[in-house]
Amino acid sequence: MDYCSTVWGNCSDVLIDSIFKLQKLSARLILDADTSTSTSTLFKQLKWLPFRQRTVYHKGVTVYKSLNGLAPLYMKSLFKYTSEVHSRTTRSTTADCLYVPRVKTEFRKKSLGYSGAILWNSILPEIRNSPTLKVFKTKFYDYLFQSI
């Protein structure tokens with residue numbers, strides 16, 4: 001389910017819903033729960049994130065790796081800090097936010113360069129500024145898990 005989720009996690013809502021239904025069914029089978037048990041209860045018991053949040057998690061990890069030299073160089077070229085794009089001092093330049101490129105099509109909005117920058121800017125600074133990948137993964141997962 002996680003394989004290439006940052007790429008195909010942006011597919012249509014119909015396909016994502018069918019994957020989510022399979023995830024819910026899997027949780028019910030593993031825990032031997034009936035259909036009256038809420039999905040959030042099952043996921044909390046298994047410590048699983050729902051599929052959409054799993055793709056958000058993996059996208060965030062990919063952006064972190066790209067910005068910290070833990071991914072191939074071509075991945076780093078997808079992202080630029082706002083301070084690298086213009087010289088004016090704004091809140092986004094002082095907060096180490098990523099520049100969000102202007103896009104005209106919905107297809108381009110699903111690209112990692114665009115959606116990853118928007119996601120990165122929405123992550124809390126104390127999570128974004130984690131010193132290591134392991135710390136980032138733990139904090140980001142916990143943050144997403146709280147919203148179930």
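Student: Is C97 buried or exposed?

Tutor: Start with relative accessible area. Under 20% counts as buried. In this predicted model, C97 has a relative accessible area of 13%, so it is buried.

Student: And how does C11 count?

Tutor: Between the buried and exposed cut-offs lies a middle class, partly exposed. C11 has 23% relative accessibility, so C11 belongs there.

Student: How many disulfides does a search of the whole structure find?

Tutor: For a disulfide, look for two cysteine sulfur atoms within 2.5 Å. Here the search finds zero.

Student: Which residues make the nonpolar surface patch?

Tutor: L22, L25 and L29 make it. The patch covers about 330 Å². Take L22 as one of them. Its relative accessible area is 54%. Exposed means over 50%, so L22 is exposed.

Student: Where is L22 found?

Tutor: Look in helix α2, which spans residues 13–31.

Student: How many helices and strands does the chain have?

Tutor: Count each kind along the chain. There are eleven helices and zero strands. Written in sequence order, the pattern is α-α-α-α-α-α-α-α-α-α-α.

Student: What share of the residues is buried?

Tutor: Of the 148 residues in the chain, 33% are buried. The accessible surface comes to about 9,400 Å². Carbon and sulfur atoms hold 57% of that surface.

Student: What share of the contacts joins residues 24 or more positions apart?

Tutor: Take the contacts with a separation of 6 or more.

Student: What box do the C-alpha atoms fill?

Tutor: Along the principal axes, roughly 60 × 35 × 25 Å.

Terms used: Residues are numbered from 1 along each chain as its sequence is written. This is a predicted model: local features need pLDDT of at least 70, side-chain atom pairs count only at pLDDT 80 or more; totals for chains, interfaces and linings use all residues. Side-chain values use heavy atoms; hydrogens and water are left out. Buried means under 20% relative accessible area, exposed over 50%, partly exposed in between (1.4 Å probe, protein chains only). Patches are made of residues with over 30% relative accessible area and no salt bridge: like charges are joined within 9 Å, nonpolar side chains (Val, Leu, Ile, Met, Phe, Trp, Tyr) within 5 Å. Accessible areas come from the Shrake-Rupley method with a 1.4 Å probe; for residues, only the protein chains shown count as cover. A salt bridge is a side-chain nitrogen of Lys or Arg within 4 Å of a carboxyl oxygen of Asp or Glu. Helices (H or I, at least four residues) and strands (E, at least two) are DSSP runs, numbered from the N terminus. Contact means heavy atoms within 4.5 Å.
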